[in-house]
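Work through these exercises with the model open beside you. Try each task before reading its solution.

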Amino acid sequence: MKKFLLTVFGIIVVCCGGILLIHNQYTDYINPLINMEISYAKVPKHTQKYRNVQAVDNNGKKLPYKIKYIGGYDPGRQYIYIEHKGQYVKQIEYLPKDKFPGQK
């Protein structure tokens with residue numbers, strides 16, 4: 001019984017450690033230490049699959065990481081608003097260029 005409890009405890013520790021240390025859209029979704037945030041990005045035109053996107057905050061400062069994948073729906077637009085939690089992207093909206101942070 002003691003070995004069984006230690007095994008179960010070990011599996012729980014490994015799973016929790018994986019959630020906290022591995023960053024992808026699935027683990028960031030359930031990680032309680034990551035907050036939902038709003039960012040903005042300039043993405044390439046003529047595609048709906050955006051990879052390795054460098055996002056900026058509301059002040060135009062780059063995030064310390066790139067978002068690995070964002071799925072879009074309007075290949076003719078280039079500026080997006082991103083609601084995300086680490087790598088997990090909850091929602092995007094397309095913006096006009098003048099609403100993008102750092103543009104004047």
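**Exercise 1. Surface and overall form**

How much accessible surface does the protein have, and what percentage of it belongs to carbon and sulfur atoms?

Solution. This is a predicted model, and every value here is computed from it.

Step 1. The accessible surface is about 7,400 Å². Carbon and sulfur atoms account for 59% of that surface.

Step 2. Turn to burial. Of the 104 residues in the protein, 30% are buried.

Step 3. Check the form. The radius of gyration is 18 Å, while a compact globule of 104 residues would come to near 13 Å. The C-alpha trace spans about 65 × 25 × 15 Å along its principal axes.

Step 4. Consider the contacts between residues at least 6 apart in sequence. Of these, 42% join residues at least 24 apart.

**Exercise 2. Elements and strand pairing**

List the elements in order from the N terminus. Then work out how E4 pairs with E1 and with E5.

Solution. Step 1. The protein has two helices and five strands. Their order is α-α-β-β-β-β-β.

Step 1. E1 and E4 run antiparallel and are joined by six bridges. Within this pairing, glutamate 37 stands opposite histidine 84 of E4.

Step 2. E4 and E5 also run antiparallel, with seven bridges between them. Here glutamate 83 has glutamine 91 in E5 as its bridge partner.

Step 3. Look at the turn. The hairpin of E4 and E5 has two residues between the strands, and glycine 86 takes a positive phi near 65° there.

**Exercise 3. The setting of E4**

How many residues of E4 are buried, and which of them point one way from the strand and which the other?

Solution. Step 1. Seven of the seven residues of E4 are buried, so the strand is largely enclosed by the rest of the structure.

Step 1. Sort the side chains. Tyr79, Tyr81, Glu83 and Lys85 point one way. Ile80, Ile82 and His84 point the other way. Both sets are buried.

**Exercise 4. Aromatic pairs**

Classify the pair of tyrosine 40 and tyrosine 81, then that of tyrosine 79 and phenylalanine 100.

Solution. Step 1. The whole structure contains four aromatic pairs. Two of them are worked through here.

Step 1. The ring centres of tyrosine 40 and tyrosine 81 are 5.9 Å apart, with the planes at 65°. An angle over 60 degrees counts as edge-to-face, so this pair is edge-to-face.

Step 2. Tyrosine 40 is in strand E1 (residues 37-42) and tyrosine 81 is in strand E4 (residues 79-85), 41 residues apart, so the pair links distant parts of the chain. Tyrosine 40 and tyrosine 81 are both buried.

Step 3. For tyrosine 79 and phenylalanine 100, the centres are 4.9 Å apart and the planes are at 55°, so the pair is tilted. This pair also links distant parts of the chain: tyrosine 79 is in E4, and phenylalanine 100 is in the segment after strand E5 (88-95), 21 residues apart. Tyrosine 79 and phenylalanine 100 are both buried.

**Exercise 5. Cysteines**

Solution. Step 1. A disulfide is a covalent bond between the sulfur atoms of two cysteines. The cut-off is 2.5 Å between the sulfurs.

Step 1. The sulfur of cysteine 16 is 6.9 Å from its closest cysteine sulfur, that of cysteine 15, which is too far for a bond. The structure holds zero disulfides.

Step 2. Cysteine 15 is partly exposed, at 47% relative accessible area. Cysteine 16 is partly exposed too, at 44%.

Technical notes
Residues numbered from 1 in each chain as written. Predicted model: local features only at pLDDT ≥ 70, side-chain atom pairs only at ≥ 80, totals over all residues. Heavy atoms only, no water. Phe/Tyr/Trp six-rings, centres within 6.5 Å; stacked < 30°, edge-to-face > 60°. Helix = DSSP H or I, 4+ residues; strand = E, 2+ residues; numbered from the N terminus. Buried < 20%, exposed > 50% of the residue type's maximum accessible area, 1.4 Å probe, protein only. Pairing = 2+ DSSP bridges. Rg over C-alpha atoms; globule rule 2.2 N^0.38 Å. Contact = heavy atoms within 4.5 Å. Areas by Shrake-Rupley, 256 points an atom, 1.4 Å probe, with all protein chains shown as cover.
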